[in-house]
Amino acid sequence: SKFADSNVIFVLGGPGSGKGTQSAFLVKRFPEICHLSAGDLLREEVADKNSELGEEISYMIKNGLIVRAEVTVKLLQNAMAKNPEKKLFLIDGFPRAIEQAECFEKMVGTCKFVLFLDVPEDVMRDRLLERGKTSGRTDDNVESIIKRFRTYRETTMPVIELYRERVVTVRGDRTPEEVSAELEDIFSQL
Ligand code: UP5
Ligand code: MG
């Protein structure tokens, strides 16, 4: 394989680019893969009445801001430790800031490659607003979406630049099935 020897693949792309949808497809198709969504792990903390971090995280999510790197890396580390039998970890929505990438490299290790789902902002916005009718997510509204896009452009795009030699870009503005077919191809070759 042309990819580095690591059991971690980062899945990046803007809000609503299809990271969760395509990660779900990949674990169904390749059961040896474990999908970990950083956003889902943070939302679980908010839902956990015993968590001391719930309020801080809830504020950050609603405002499209990035939670302290150590918090998210710890949640990811714990989740990885709970799935020791898995061969490959798809880490979705992380790292979305340079400091997060550095923290993960220091505490866990490097990544095999970065899967980047490229979708124009207007397409992502329409998807998020549509999902917002039923999702119950506190950040699927116009105000939060504008903030999420700003953080994405200013803070997450530099991560794509940082890893540019290891980025595999897939166009995400097609039907879910078309995107999945290309991903199946890529992952079959690993
Ligand atoms: N959909 C998907 N694919 C489609 C397609 N090909 N055609 C048409 N529709 C498609 O998809 C979004 C919607 O689009 C769905 O309704 C889907 O059916 C449809 P989804 O697969 O959910 O996209 P995804 O990229 O996962 O979108 P998500 O909203 O989850 O992305 P975000 O990156 O915004 O959210 P995340 O959960 O990763 O992060 C949320 C917040 O948590 C961040 O803003 C931040 O505040 C915080 N966070 C941190 O602080 N640190 C972290 O490390 C991670 C998150
Ligand atoms: Mg998601």
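Good morning. The structure is a predicted model, in which local features need pLDDT of at least 70 and side-chain atom pairs count only at 80 or more, while totals for chains, interfaces and linings use all residues. Residues are numbered from 1 along each chain as written, chains are lettered from A and ligands numbered from 1 in written order, and side-chain values use heavy atoms, without hydrogens and water.

The axes of α2 (residues 38-47) and α3 (residues 54-62) come within 8 Å and cross at roughly 130°. Such axes are lines fitted to C-alpha atoms, for helices over the stretch in contact, with angles from 0 to 180 degrees between N-to-C directions. Helices (H or I, at least four residues) and strands (E, at least two) are DSSP runs, numbered from the N terminus.

The contact, meaning heavy atoms within 4.5 Å, involves Leu42, Arg43, Glu45 and Val46 of α2 and Gly54, Ile57, Ser58 and Ile61 of α3.

I turn now to the sheet. Its 5 strands are parallel and form an open sheet in the order β2-β3-β1-β4-β5; strands pair if DSSP finds at least two bridges between them. β2 (33-37) and β5 (167-171) are the edge strands, each with a single partner, so one side of each has no neighbour in the sheet. From one strand to the next, the twist averages 20°. Helix α2 also packs on this sheet, where it touches β2 and β3 (88-92). The direction of α2 makes about 55° with that of β2.
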